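Hello,

Please find the structure we talked about below. My notes on it follow.

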Amino acid sequence: MNDIETIINLAYVVAAALFILGLKLLSSPDSAKRGNFVSAIGMFIAVVVTLLDQQIISYQYILAGFFLGGAYGAWKAKTVEMTAMPELVSLFNGFGGAASLLLGWATLAGMSIVALETTGAFTFITVFFTILVGGITFSGSVIAWGKLSGKMSSKAVIFTGLRELSILHIIAMFAIGYLFTTDPSNSLWLYCAIALALSFGLWATISIGGADMPVVIALLNSYSGVAATAAGLATGNTILIVTGLLVGASGLILTNIMCKAMNRSLMNVLLSGFSKPVEAGEKIEGEIKILSAQDAFYVLEAAQSVLVIPGYGMAVAQAQHAVREMQSLLEDNGCTVDYAIHAVAGRMPGHMNVLLAEADVPYDQLYEMDDVNPRMENYDVAIVIGANDVVNPAAKEMKGSPIYGMPVIEAYRAKTVFVLKRSANAGFAGVDNPLFFKDNTRMVLGDAKDTINSIIREFGDD
Amino acid sequence: MEIIYLLFIVLLAAFLGFELIRKVPATLHTPLMSGSNAISGITLVGALAAAGGDNELLTTVLGTAAVALASINVVGGYLVTDRMLSMFKKKEK
């Protein structure tokens, strides 16, 4: 190691320490912003110091790439709607994967014929792994992004032969992996590896439905970190290894939390497209009781405590600001307002929390499922806004239900439940959520935002 | 020896990551993910040598593309995380 290399590596140690400190500060909303800043300083140090590297002789391509990418990233970051965060994170996951894939490829392309002969198998195995994970992350994320942004149907695409197709991919991965590492100078194997990775990411993600997206995004987030680690192993760069693993661990923990919140194993989520569709279990029949927004207002005016349970529908209706306004009116009226957030509400981990934070709802009024369930009886009204599965009592009561066993927010135990829903057939109808038929449930039909705005107007007329 | 040493780093970093992330509250999971996007842009560091080194055209092109993509994550990831975290407020007492 010469002097400059020593300086670079020492700076990497500092950068790694700053990343770790940054993540540590993320353990509380009060310090989180500072943590993000500390982490950014770590990145700045790592990048600037790397530019001292003697291998780097020209800066024009680096600057061109940096300003092009940086400008696009900054524009995206400034303009993205908070409701569109899942798409953005998906897209960024994909860029991370693609960057690692290209770095793996560049590492191989940069090797001389002599280097190809003399370099150990470990390097080629890690290059192959980088290309594989990077490619899967990229194409998987693009599909996830397409589904989340509505550019393609969010339904799971399932066809016969999907299972065989996937098994074929896995066998081919081992075969190409062997050929690639034993004969790295043959570009054919490289192209096969890239094509295989992209194809596998595509099929693995296309067969997963919209409601399982929180798991998929978290997992792809993890992959993007693993790809960076693999690239670090391939290029012998310790900062990539350490940092990539922090991201990998983060994504994996979130994946695990999401799976637990749905009472499903990761395998079950990933392979759900391969099993036969579940026969819609027993239909529940009953009478739906409909309430007008005006009558809902009278109930809310008399309420002492209200629990709001948001779901993906709140994001779709962009109702978070209206909800916040209703909260203020209720609080002025002497009522306490709490929010209950299920771990898989929305399309990504923490989706609802960010939307409510955007609408100025203090984060200490947001509770997790386990905090609110024991005191559910104390709430005069539970308002379900655009949530379905996460409040579905079938998860507790009906053994045949596809979601049986999933931990849910037990809204039905509140004194009164309002379900804000776009539409429902009046009278007797078969639906898969028995909550709608409970004696204490009232359906308030219509667009969630319009309904809440009507209630707000009633407060005004008062 | 080099490989063993790298695997040691892998092991320790993975454990550290798990311990750190476990303590992040559910309310910050979205900023955690966008923040992870930003730090996974560390690939930028690896891509610099490929883009700016004395390499053949293909390596330079691939390296430059990797720099651009990783820069999207670094700049976009940190900015959007900062934007989100600025929104989280405590209740005024």
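**Notes on the model**

Among what covers the buried residues of helix H12 (residues 293-302) of chain A are strand S2 (305-310), helix H14 (320-332), strand S5 (381-385), strand S6 (416-421), strand S8 (441-445) and helix H18 (448-461), likewise of chain A. Please keep in mind that this is a predicted model.

Which residues of H12(A) are buried? They are A:Ala293, A:Ala296, A:Phe297 and A:Leu300. These residues sit on the same side of H12(A), because the arc they cover around the axis is only 105°. A:Gln294 and A:Ala302, on the other side of H12(A), are exposed.

Next, a pair of helices in chain A. H4(A) and helix H6 (residues 121-148) of chain A have axes that come within 7 Å and cross at roughly 155°. Angles over 145 degrees count as roughly antiparallel, so H4(A) is roughly antiparallel to H6(A). The crossing of these two helices, H4(A) and H6(A), is left-handed. Sorted by class, the residues in the contact of H4(A) with H6(A) are 13 nonpolar, 13 polar and one charged.

Now the contact between the chains. Chain A puts 96 residues into the contact, and chain B puts in 76 residues. On the side of chain A that touches chain B, the elements giving two or more residues are helix H1 (3-25), helix H2 (29-50), helix H3 (60-79), helix H4 (85-109), helix H9 (213-235), helix H10 (238-261), helix H15 (351-358) and strand S4 (366-368). H4(A), the helix that crosses H6(A), is therefore also in this list. Which element gives the most to that side of chain A? It is H10(A), with 16 residues. By class, the side of chain A that touches chain B has 57 nonpolar, 30 polar and nine charged residues.

One residue of chain B is worth looking up in the viewer. B:Leu20 lies in helix H1 (residues 2-22) of chain B. Is B:Leu20 buried or exposed? B:Leu20 has 21 other C-beta atoms within 10 Å, and 20 or more count as buried, so B:Leu20 is buried. Apart from its neighbours within four places in sequence, B:Leu20 is in contact with A:Ile20, A:Leu23 and A:Lys24. B:Leu44 is 24 residues away from B:Leu20 along the chain, and the C-alpha atoms of the two are separated by 24 Å.

Regards

Notes:
Residues are numbered from 1 along each chain as its sequence is written. Chains are lettered from A and ligands numbered from 1 in the order in which they are written. This is a predicted model: local features need pLDDT of at least 70, side-chain atom pairs count only at pLDDT 80 or more; totals for chains, interfaces and linings use all residues. Two residues are in contact if their C-beta atoms, placed from the backbone, lie within 7 Å. Helices (H or I, at least four residues) and strands (E, at least two) are DSSP runs, numbered from the N terminus. Ala, Val, Leu, Ile, Met, Phe, Trp, Tyr, Cys and Pro count as nonpolar, Asp, Glu, Lys and Arg as charged, and the others, Gly among them, as polar. Axes are lines fitted to C-alpha atoms, for helices over the stretch in contact, and angles run from 0 to 180 degrees between N-to-C directions. Angles under 35 degrees count as roughly parallel, over 145 as roughly antiparallel, 65 to 115 as roughly perpendicular and the rest as oblique. A crossing is left-handed if the near helix is turned anticlockwise from the far one by less than a right angle, and right-handed if clockwise. A residue is buried if 20 or more other C-beta atoms lie within 10 Å of its own, exposed if 12 or fewer, and partly exposed in between; C-beta atoms are placed from the backbone. The arc is that of the directions from the helix axis to the C-beta atoms.
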